[in-house]
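Colleague: I have a chain open on my screen and would like to go through it with you. Shall we take it in short questions?

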Amino acid sequence: MNPITMTLNVDNLILQALREDISSEDVSTNAVMPVPTPGEVELICKEDGIIAGLDVFARVFTLLDPAVEAQFFCADGDEVKKGQKLGILRGDIRVLLSGERTALNYLQRMSGIATYTHQVVQLLEGTGIQLLDTRKTTPNNRIFEKYAVRAGGGCNHRYNLSDGVLLKDNHIGAAGGVRQAVELARAYAPFVRKIEIEVENLEMMKEALEAGADIIMLDNMSPAEMREAVKLASGRAKTECSGNITRENITKIAEIGVDYVSSGALTHSAPILDISMKNLHPTEGRKDGV
């Protein structure tokens with residue numbers, strides 16, 4: 001992850017997560033390790049997948065103690081195998097113990113999203129379709145989850161509501177119709193913004209094209225309707241398929257010819273990748289002589 005992004009956008013979120021896990025002290029660690037003791041621990045992958053979030057994992061520990069050193073034997077986006085040693089952490093054992101769960105929570109979650117995304121990308125290989133994520137992310141974890149989608153080979157849709165125009169069913173209802181919604185957005189949004197609108201049937205599709213929408217999202221339409229919509233849009237607008245798209249059903253969409261497929265499942269339904277910190281041991285004697 002970019003160092004500037006880490007400092008400006010990520011550090012505060014990690015600190016919030018650490019404060020959630022350590023409200024005053026780590027009682028367990030302080031009980032068995034009352035004084036600073038240098039040590040090291042291995043990072044081990046327990047199942048095959050795609051790794052993502054190594055910089056975030058390391059940052060958890062360096063925010064607790066800048067002296068902690070992380071050495072990784074892989075990089076974000078790499079395929080990793082069960083039993084593979086991914087890296088080694090060196091530092092005060094108390095810090096390694098106290099940061100363990102928070103660091104692994106980020107790494108496991110991000111790697112799980114990258115793994116699931118990679119699996120879906122493979123199903124779309126050769127189709128020319130771009131796989132997009134959505135805003136269906138865990139509150140306060142969007143930056144991590146959308147980064148993980150990219151690490152898995154997917155692409156990001158808009159980051160937040162300030163990032164682009166996407167007119168959904170309730171926007172259309174509020175505006176009074178498809179044409180009115182597109183015209184109002186075109187008049188309000190900066191000229192550099194593309195206008196995307198969601199449609200649910202071919203009548204709405206035709207109206208969106210006539211209104212000059214740049215991208216048209218085909219939401220929960222049947223395969224037959226989507227094929228017809230893609231024909232109508234040819235050369236006039238980009239098309240995006242959306243609505244309960246998962247790893248299990250995406251191959252049916254791949255044959256239709258849309259430009260983009262967006263899937264909330266990438267971030268809200270991906271299982272974690274099982275990763276552990278193992279073989280923690282002191283590298284010198286404890287300073288109290290024990």
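**Thr134 and its surroundings**

Modeller: Start with Thr134. Setting aside neighbours within four places in sequence, Thr134 is in contact with Lys146, Ser262, Ser263 and Gly264. Keep in mind that this is a predicted model.

Colleague: Where does Thr134 lie in the chain?

Modeller: Look at the elements on either side. One is β6, residues 130-132, and the other is α5, residues 142-151. Thr134 lies in the loop between β6 and α5.

Colleague: Is Thr134 buried or exposed?

Modeller: Buried means under 20% relative accessible area. Thr134 has 15% relative accessibility, so Thr134 counts as buried.

Colleague: How far is the backbone nitrogen of Lys136 from a polar atom of the Thr134 side chain?

Modeller: A polar contact needs a pair of N or O atoms within 3.5 Å. Here the backbone nitrogen of Lys136 and a polar atom of the Thr134 side chain are the two partners. Their separation is 3.0 Å.

**Aromatic rings**

Colleague: How many aromatic pairs does a search of the whole structure find?

Modeller: The search covers the whole structure. Its count of aromatic pairs is three.

Colleague: Take the rings of Tyr106 and Phe144: is the pair stacked, edge-to-face or tilted?

Modeller: Planes under 30 degrees apart count as stacked and over 60 as edge-to-face. The ring centres of Tyr106 and Phe144 are 4.6 Å apart. Their planes stand at 45°, so the pair is tilted.

Colleague: Which parts does this pair tie together?

Modeller: Place each residue in its helix. Tyr106 lies in α4, residues 93-123, and Phe144 in α5, so the pair ties together parts 38 residues apart in sequence. Both Tyr106 and Phe144 are buried. The two parts are helices α4 and α5.

Colleague: Which residues form one aromatic cluster?

Modeller: Look for Phe residues. One cluster is formed by Phe57, Phe61 and Phe72.

**Val32 and the whole chain**

Colleague: Is Val32 buried or exposed?

Modeller: Find Val32 in helix α2, residues 27-32. Exposed means over 50% relative accessible area. At 53% relative accessibility, Val32 therefore counts as exposed.

Colleague: How far apart in space are Val32 and Ser269?

Modeller: In sequence, Val32 and Ser269 are 237 residues apart. In space, C-alpha to C-alpha, the distance is 38 Å.

Colleague: How many helices and strands are there in the chain?

Modeller: The chain has 290 residues, and 46% of them are buried. Its C-alpha trace spans about 80 × 35 × 25 Å along the principal axes. The count is eleven helices and twelve strands.

Key
Residues numbered from 1 in each chain as written. Predicted model: local features only at pLDDT ≥ 70, side-chain atom pairs only at ≥ 80, totals over all residues. Heavy atoms only, no water. Helix = DSSP H or I, 4+ residues; strand = E, 2+ residues; numbered from the N terminus. Buried < 20%, exposed > 50% of the residue type's maximum accessible area, 1.4 Å probe, protein only. Polar contact = N/O pair within 3.5 Å; in protein donor to acceptor, adjacent residues only side chain to side chain. Contact = heavy atoms within 4.5 Å. Phe/Tyr/Trp six-rings, centres within 6.5 Å; stacked < 30°, edge-to-face > 60°.
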